[in-house]
Amino acid sequence: MNIHEYQGKEILKKYGVRIQEGIVAESPEKAVEAAKLLIAQSGQKWVVVKSQIHAGGRGKGQIVGSEQRGVALAKSVDAVRDITKNLIGNILVTHQTGPEGKRVNKVLIAEDVYYPGVSEPKEMYISILLDRTKACNVIMASTEGGMDIEEVAEHTPEKIVKEWIDPAVGLQPFQARKVAFGLGLEGEAFKDMVKFVTALYKAYVDTDASMFEINPVLKTSDNKILAVDAKVNLDDNALYRHLDLKAMRDLAEEDPLEVEASANDLNYVKLDGNVGCMVNGAGLAMATMDIIKLSGGEPANFLDVGGGANAKTVEAGFRIILKDPNVKAILINIFGGIVRCDRVATGVVEAYKAIGDIPVPIIVRLQGTNAAEGAKIIDDSGLKVQSAVELKEAAEKVRQVILSLK
Ligand code: GDP
Ligand code: MN
């Protein structure tokens, strides 16, 4: 699960990681109030207005139909109002959102931390994530902050330091010092970075996160280390033990069909093709998508209805697939292991009747326990549903449907 920058920063702050302070706002009036409060607290004259969307690259991103960037420095309270008006309710396109962009619903009003002082502020990069090949967490740090880390990795990989953490003993003090040293810090900034990395790692482990990316981490002109941005991904499978974090989910940021699917305990991922599919089991779903491609079609989605498919889940699955206007045919591929094929077939027929006339051809392949009974129920239903037992047979029927579309 992804969360917003302001939520990520809330987590960091709780763990003692210094952050660029801010207040989230959902209207220009609230943004102005927040700015006044921050200016009074920080003693700085300026604030930054930051769009809150689940995508990075906001600083360089642009609002559709205007010159407005997704992150902007406001040098007056009036500017805060104007910038917020330009952002909220509008579509922000960044290199991570795709051309369709994302609607901005909230902004974070943040204190200006790039104020002039004894030295230049310096942007750095730190992330923590799971290194699957080494089966342990890795801290990555770079002096090249504010840039895309992929670019740094491609052109100047020597500028990224990596520190792998032994899960049995956790982050050791010498490792935090190695990171700070690798970033070329000394004196107070070095000490502050050691604290920063230590607190950051504890936050990452305690929240069962799968990624923390802080870009930029800033060394302010008075040598404090703080998080200016926070991209946080939490492990969905661990959310049951973090109800406070689970509550941070923002459904407005997710695909509406995927939200509906998860409300029905279905595993659904929308794709761009024309053949919808409904399958029990993730592995079988992947194989079914291959079959669709081999038959000349393109899968419109991945949909795993799980081991206990019944009439209700099948109906929910149908409704979700049918909401995708690109779908021209549906292939249902169910293996009756735990679930019996005759029950799935009854579920398909009931769901079909509950929805009414389904405008696209449906091919149902049932295999496993009571497969023949299942096929008979489909064939006898009088509905526009074709049954198949062998996968090859199902693929051939899909191919016929696709040919008829051309
Ligand atoms: P991203 O573009 O989505 O990664 O958003 P960031 O939170 O990283 O902000 C983008 C950029 O805004 C940063 O790299 C900074 O250059 C700039 N920025 C952020 N906070 C401040 C601030 O307090 N003052 C100034 N002058 N610039 C800031
Ligand atoms: Mn950033």
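A quick definition to start: in this predicted model, a molecule sits in a pocket if more than half of its atoms lie within 2 Å of the pocket's grid points.

Q: How many residues surround ligand 1, and how do they divide into nonpolar, polar and charged?
A: A residue joins the shell when one of its heavy atoms lies within 4 Å of the ligand. Lys 50, Arg 58, Gly 59, Asp 112 and Val 113 are the closest of the 18 residues. By class, the shell has seven nonpolar, five polar and six charged residues.

Q: Which residue has a side-chain N or O atom 2.6 Å from an oxygen atom of ligand 1?
A: Polar contacts here have a cut-off of 3.5 Å. Asp 112 places a polar side-chain atom 2.7 Å from a ligand nitrogen, and Asp 229 has one 3.1 Å from a ligand oxygen. The 2.6 Å distance to an oxygen atom belongs to Lys 50.

Q: What share of the accessible area of ligand 1 does the protein cover?
A: On its own, ligand 1 has 570 Å² of accessible area.

Q: Between which domains does ligand 1 lie?
A: The domain assignment gives domain 1 (21–111), domain 2 (122–246) and domain 3 (256–405). Shell residues come from both domain 1 and domain 2, so ligand 1 lies between domain 1 and domain 2.

How values were computed
Residues numbered from 1 in each chain as written. Chains lettered and ligands numbered in written order. Predicted model: local features only at pLDDT ≥ 70, side-chain atom pairs only at ≥ 80, totals over all residues. Heavy atoms only, no water. Polar contact = N/O pair within 3.5 Å; in protein donor to acceptor, adjacent residues only side chain to side chain. Areas by Shrake-Rupley, 256 points an atom, 1.4 Å probe, with all protein chains shown as cover. Nonpolar A, V, L, I, M, F, W, Y, C, P; charged D, E, K, R; others polar. Domains from an automatic or database assignment.
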